[in-house]
Each structure stands twice: as structure tokens, then as C-alpha cells.
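Here are my notes for a first look at this one. Keep the viewer open and follow the points in order.

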Amino acid sequence: MLRRLYYTLNPPIPTKAAGADPPGKPLNFGSLGAATITPWALVHAAKTHPEVVLYAVAARDTKRAEEFAKKHGFQRSFGGSTGYQDLLDDPKVDVVYNPLPNGLHFEWTMKALKAGKHVLLEKPATNTSAEAAQIFALAESKNLIVLEAFHYRFHPSMQRVKEILDSKELGAIQRISATFTVPSGTAAEGDIRWDYELGGGSVMDPGCYTVSILRYLASSNPTEVLTAKAVPYSTRPEHKQVDKMFWATLSLQPEIIGELHANLDESKIFGFIPRFPTISAKVQCEKGTVEMFNFLAPSIYHSIAVSPKGKRRRVEKAYTFKGVAKGEAWWTTYRYQLEAFVDKVQGRTPQHWLDPQDTIDNMKCVEAIYEKDGFGPRPPSKYIYTED
Ligand SMILES: NC(=O)C1=CN([C@@H]2O[C@H](COP(=O)(O)OP(=O)(O)OC[C@H]3O[C@@H](n4cnc5c(N)ncnc54)[C@H](OP(=O)(O)O)[C@@H]3O)[C@@H](O)[C@H]2O)C=CC1
Ligand SMILES: O=C1OC[C@@H](O)[C@H](O)[C@H]1O
């Protein structure tokens with residue numbers, strides 16, 4: 001674990017350092033906003049990807065853009081009120097990374113596609129499923145790639161869980177429970193996650209992972225949200241529709257029950273001791289159970305506990321893919337995701353992929369939970385796409 005952690009933080013950079021030719025044309029990435037997630041989801045992962053160039057970053061504040069570029073190694077920056085559009089208008093940008101608040105994902109992804117760029121789009125894709133559908137329709141018409149950044153999917157550990165289920169070793173799936181809790185204070189007052197217009201809420205944030213995992217492991221979409229309950233972030237009017245935690249049960253075909261829970265603000269023990277996040281998925285099958293712990297950062301640590309009925313429990317780990325040359329034990333979920341995304345953009349076959357319909361269906365399920373718990377769907381963007 002220490003070795004993996006060391007290499008995660010100090011990755012060897014073989015191809016770039018050796019000056020060897022990358023397999024494909026280097027892609028210039030342009031990142032929108034000086035977002036907190038960018039160093040992890042893009043910058044760090046890019047260090048060991050020979051085809052990724054950290055070309056530009058744009059931020060609403062010029063100085064912030066310059067400082068971010070300098071700190072994280074982007075070649076140039078765009079700032080001010082036109083900064084985002086200036087980045088999109090730069091013909092040298094091939095790919096846009098969009099980690100803006102959820103409520104701005106639609107507008108800036110559409111604008112990026114209009115400018116002819118591929119997009120690595122942060123999760124959840126949009127505020128509404130209709131917007132997600134519009135994004136993919138435009139991307140297809142322009143022959144461009146858009147990937148919703150559900151990074152957990154690309155790691156060998158989650159795919160191993162799926163493989164165990166698909167092998168039928170444990171028989172038919174009966175119940176899938178996915179939980180993602182975040183300690184209180186992680187998303188502080190004023191965070192984008194507490195803003196309804198910007199697409200805040202626990203179903204949108206940690207909850208969208210639980211929805212995605214449920215659908216992925218079940219290989220199907222929920223047919224009905226049976227129950228859903230949520231608690232608002234505060235009693236203030238602006239938080240009436242902003243959930244800090246939710247619980248939902250869903251039915252899936254054939255005869256699978258899904259149980260989801262997420263908490264974006266889990267209270268401290270005795271008011272001062274933070275709780276460990278719970279990031280787990282448990283699948284109960286006819287002939288046993290499989291439980292995955294830590295689907296968010298499995299490269300640091302994870303466990304896949306398989307308990308076949310009447311047989312010994314075993315614990316598996318999967319840091320790399322068996323028989324596949326690409327990948328290192330210290331590759332993060334983001335690094336595996338970047339590998340797949342670049343492969344797709346370059347016209348190669350990625351190890352794993354998340355189809356447009358998958359993203360659209362995930363947003364539909366998020367909407368259905370909000371419908372059932374009474375908090376209502378997130379507001380659609382006011383941006384209207386035009387071809388001119
Ligand atoms: N894949 C993952 O593991 C994670 C994904 N995420 C996703 O990434 C996205 C960003 O999250 P995070 O980095 O935590 O958020 P931040 O608040 O740190 O970053 C959001 C960026 O959006 C820009 N922005 C533009 N308009 C607004 C506005 N009106 N209000 C606030 N910010 C604005 C800001 O850029 P500027 O610098 O220009 O001011 C800011 O840097 C979300 O979609 C989130 O769900 C988040 C965490 C983990
Ligand atoms: O994607 C995410 O993963 C980690 C969480 O803490 C965060 O709120 C969320 O946006």
C-alpha cells in the first residue's frame with residue numbers, strides 16, 4: 001500500500017522523460033475553471049500519459065488562471081469574463097476537460113462541441129437527462145467524443161466485481177446496496193454542492209455514483225423507485241430542494257432490489273470527531289455475496305470480499321488487468337479513465353467505455369429519485385444552442 005501511495009504521488013514518467021515517440025498525436029487539453037478536482041482528475045493522471053499535453057486552463061479571474069497554470073504546469077492560461085470562450089476558440093485545443101459546477105456542464109460542453117472539441121465531462125453529466133441526450137446528439141453529429149467522468153468504472157477492481165457477478169459463481173443477483181457518505185465539512189457552506197441552480201444535492205453528488213454502480217452491477221435500469229427520502233441541507237428557503245442525504249429503494253429487472261444511500265454532510269461523532277467515509281457496494285446473490293470497499297480510491301486500498309454460501313470467504317484485490325499490458329498497480333481511477341478516454345479519441349479501442357445511453361439513463365434515474373423524494377429535478381440550463 002505504501003509503495004502504491006508513493007508511486008501515486010511520485011509517478012515514474014518513462015515515455016515522456018525518455019523522449020520516446022507517443023503512440024498517437026499528442027492531444028492538447030484545455031481545462032475550464034481552476035477547479036479543486038482538476039489536479040487529481042486531470043493534471044496528475046496526465047503526467048504519465050505520453051499523449052496528453054496540459055495546454056491551457058481558463059478561470060474567471062485572470063490572476064487565478066495564471067497561478068493555476070503555473071502551479072500545475074499548463075502552458076498557457078485564459079482569464080476574465082471571456083476566458084472560458086477564449087480557451088474554446090483556441091484552435092490548438094483538441095480536448096476540453098469540464099469540471100465546472102453541474103449546472104454549467106450542459107452550456108460549456110455544448111459550447112466546446114460547437115468549437116469542435118472532444119470533452120471529458122465531470123459527473124454528473126448535466127442537471128437533466130434531456131440535456132445529456134442533447135449533448136450526445138450534438139457530439140455524434142460532429143463525430144466528437146464525450147465521456148462522463150465516472151472514473152471508478154475504469155479501475156480493474158470494479159470490473160473484477162462485475163466479472164465475478166457475470167460469471168454466475170454466486171448465482172442470480174437479488175439485492176444491491178451502494179453507499180457513499182462524505183464527512184461533514186468536506187463540502188463547506190458556500191460549496192457548489194449546496195446550490196440548487198448549480199445542480200447541488202446529495203443525489204447529484206455522491207448519490208450519482210451509487211446510481212451508476214447499481215445500474216452497472218445489475219446490467220439493467222431501475223423500473224421503479226419504490227421509496228425515496230431526503231433531508232435538506234438546512235431549513236433556509238434556498239435549501240428547500242437541496243438534499244444533504246438521501247435513501248432510496250428501487251426495483252430492477254429481473255427481480256433485483258437496489259438500496260442506495262448517500263450523505264454529503266455526515267455529522268461528526270460527539271460533534272467533533274469526523275467519521276470515515278463509507279464508500280461501498282454490497283451485492284447479495286442466490287449463492288453468496290460480494291462486497292467491494294472503496295470504489296472511489298481503490299488504488300490506495302480496496303477489498304473485494306466474496307462469500308459463497310457454505311464455502312470459505314475470500315478477499316480479492318485487482319490493481320491491474322490480468323493479461324493486459326497497460327496499467328500499473330499505482331494507477332488511480334483517473335489514470336485508467338484518462339487512458340480509455342485518450343484511446344477513444346485516438347480511434348483505438350478502450351479497455352472499458354461508458355456509452356452515451358448509460359449517462360442518459362443515469363440522469364433519468366437521478367431525476368426519478370428526486371421526483372419520488374419530493375425535492376424535484378435540478379433546474380435545466382437557460383443556455384440555448386444555436387448553430388451560427
Ligand atoms: N471525479 C471526481 O472524483 C470528482 C468530480 N467532481 C465534479 O467536478 C465538478 C467540480 O467540482 P469541484 O472541483 O469540487 O468544484 P470547485 O468549486 O472547486 O470548482 C468548480 C469551478 O467552476 C468554476 N465556476 C464557474 N462558474 C461558477 C459559479 N457560478 N460558481 C462556482 N464556480 C464556478 C470555478 O472556476 P473559476 O476558477 O473560473 O472561478 C471553479 O473553479 C463537479 O461537477 C463535481 O461533481 C468533484 C469532485 C470529485
Ligand atoms: O465526485 C466526488 O467524489 C468525492 C466526493 O467527496 C465529492 O463530493 C464528489 O463530487
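1. A word on burial before anything else: a residue is called buried if 20 or more other C-beta atoms lie within 10 Å of its own, exposed if 12 or fewer, and partly exposed in between, with C-beta atoms placed from the backbone. Helices (H or I, at least four residues) and strands (E, at least two) are DSSP runs, numbered from the N terminus. This is a predicted model, where local features need pLDDT of at least 70 and side-chain atom pairs count only at pLDDT 80 or more, while totals for chains, interfaces and linings use all residues. Residues are numbered from 1 along each chain as its sequence is written, and chains are lettered from A and ligands numbered from 1 in the order in which they are written.

2. Start with helix α7, residues 129–141. Its buried residues are Ser129, Glu131, Ala132, Ile135, Phe136 and Ala139. They sit on the same side of α7, because they cover an arc of only 160° around the axis (the arc is that of the directions from the helix axis to the C-beta atoms). Turn to the other side of α7 and you'll find Ala137 and Ser141 exposed.

3. What covers the buried residues of α7? The cover includes α6 (102–114), β6 (146–148) and α11 (356–373). After α7 comes Asn143, with a positive phi near 60°.

4. Now pick out Met110, which is in helix α6. Met110 counts as buried because it has 22 C-beta neighbours inside 10 Å. Leaving out residues up to four places away in sequence, Met110 touches Ile135, Leu138, Tyr383 and Tyr385; contact here means C-beta atoms, placed from the backbone, within 7 Å. Met110 and Phe136 are 26 residues apart in sequence, and their C-alpha atoms are 9.4 Å apart in space.

5. Next, the sheet. It is open, has eight strands with mixed pairing, and runs in the order β8-β9-β10-β7-β11-β12-β13-β14; two strands pair if DSSP finds at least two bridges between them. β8 (222–232) and β14 (314–316) each have a single partner strand, so one side of each is left without a neighbour in the sheet.

6. For a closer look at one pair, take β12 (residues 288–293) and β13 (residues 303–308), which are antiparallel over six bridges. Thr289 stands opposite Ser307 in β13. Helix α9 (residues 206–218) packs on the sheet, where it touches β7 (173–183), β9 (243–252), β10 (256–266) and β11 (279–285), and its direction makes about 160° with that of β7. Axes are lines fitted to C-alpha atoms, for helices over the stretch in contact, and angles run from 0 to 180 degrees between N-to-C directions.

7. How many of the 13 residues of α9 are buried? The count is 13 of its 13. Just after α9, Ser219 has a positive phi of about 55°.

8. Helix α11 lies across β8 and β9, at about 60° to β8. Among its buried residues are Ile360, Met363, Val366 and Tyr370. Their cover includes α7, β6, α9, β8 and β9. Gly374 follows α11 with a positive phi near 90°.

9. Finally, the record: UniProt, in an unreviewed entry, places the feature "domain: GFO/IDH/MocA-like oxidoreductase" at residues 158–290. In the model, that span is 17% helix and 40% strand, with its end C-alpha atoms 11 Å apart. UniProt positions are given in the numbering used here, feature names are shortened, and annotations may be inferred rather than shown by experiment.

Methods
Expected span 1.5 Å × (residues − 1). Contact = placed C-beta atoms within 7 Å.
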